[in-house]
Amino acid sequence: MWKPRKKGYTIGRLIWVPRTTGEMFYLRMMITVVKGPMSYEDIREVRDLQCETFRDACFAMGFLEDDREYIGAIKEASEWGSGHYLRKLFVIMLLSGDVNRSAHVWSESWVLLSDGILHTQWNLVKDKELVLNEEQLQNLTLIEIEILLYVLKQLGNMLIYEERSYNIQTMKDDFVALHATLTDEERGIYHKIMKAITTQNGGVFFLYGYGGTDKTYMWRTLASAIRSKHDICLTIATSGIALLLLPGGRTAHSRFKIPVPTLDNSTCNITYLEESADLLREAKLIIWDEAPMANKWCFEALDKTLRDLMSAHGNSDNDFGGKVVVFGGDFR
């Protein structure tokens, strides 16, 4: 619906939406041409035909190509490439975000993409008499494509790669040395936080202590424990000086892209599909040192962003999207 501006006379405009946002991108495309819609259904209606998705509506309007070039590329590559190569090619096409109708490309080329799948199953069951029907062959091919999608997506994210590039044995040795010298109180704190990480049901902790009470020692112990398992621990500090004491430390504004100035309605400048979003979703633990030095709106911006990013996992109602977050600092 149209709403008059509460102040000023600036003409409003639709913000830019990247193609990788999926249906939102196609919704924006339709909004620019459909006149007087009263509902989302009106926007998806093209020449008295009710389309199921905004993407289908864009196809009906003639805005999108039919992906023939991608189908042709797979067919051409099949003349010299193996089935495994074709599946990798298909995954790269999907990750590029340029394929308009991935399901259509799949239906037109799945026979080529399934090349070698049956032979692999023969080797697994040691039975060359094994016969797979069309549905079984498609499902096995899709499973391999899903695995390739996950692997290539993780390898393609340099932020995740960087956070998982720690030497596992070095992290294990550091953890053994640090954990052995914890006091009984510190060991109790450690186990309480690690229990929350293990269950992954979320948890927000605040470790209070003045300078010299070994807060940094606790951060190093937790970080080495997480990284020794090849998991991701993000170590954050409010100030640039404090982060120098943290292994792999970054400032909060740098890591979370918190806007400056930060207002009560601010959110982090992280979109749902970018690399920073994937990094936050993969993180097992977030440590924020010198937290009392930051404005409360910084924490609220991170909370709102994590709730949004973790909504697909059903954690939009949990504090910080169900992530385990440990704050630390000294109010003095």
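Is E144 buried, partly exposed or exposed? At 25% relative accessibility, E144 counts as partly exposed, where buried means under 20% relative accessible area, exposed means over 50%, and partly exposed lies in between, with a 1.4 Å probe and protein chains only. This is a predicted model, in which local features need pLDDT of at least 70 and side-chain atom pairs count only at pLDDT 80 or more, while totals for chains, interfaces and linings use all residues. Residues are numbered from 1 along each chain as its sequence is written, and side-chain values use heavy atoms, leaving out hydrogens and water.

E144 and R87 meet through their side chains in a salt bridge of 3.2 Å, N to O, a salt bridge being a side-chain nitrogen of Lys or Arg within 4 Å of a carboxyl oxygen of Asp or Glu. Because R87 lies in helix α5 (residues 83-96) and E144 in helix α8, the pair ties together parts that are 57 residues apart in sequence; R87 itself is buried, at 4% relative accessible area. Helices (H or I, at least four residues) and strands (E, at least two) are DSSP runs, numbered from the N terminus.

The count of salt bridges comes to nine, and E163, R227 and R255 are linked in a network of them.

For disulfides, meaning pairs of cysteine sulfur atoms within 2.5 Å, the count is zero. The sulfur of C268 has its closest cysteine sulfur in C298, 8.6 Å away, which is too far for a bond. C268 is buried at 5% relative accessibility, and C298 is buried at 3%.
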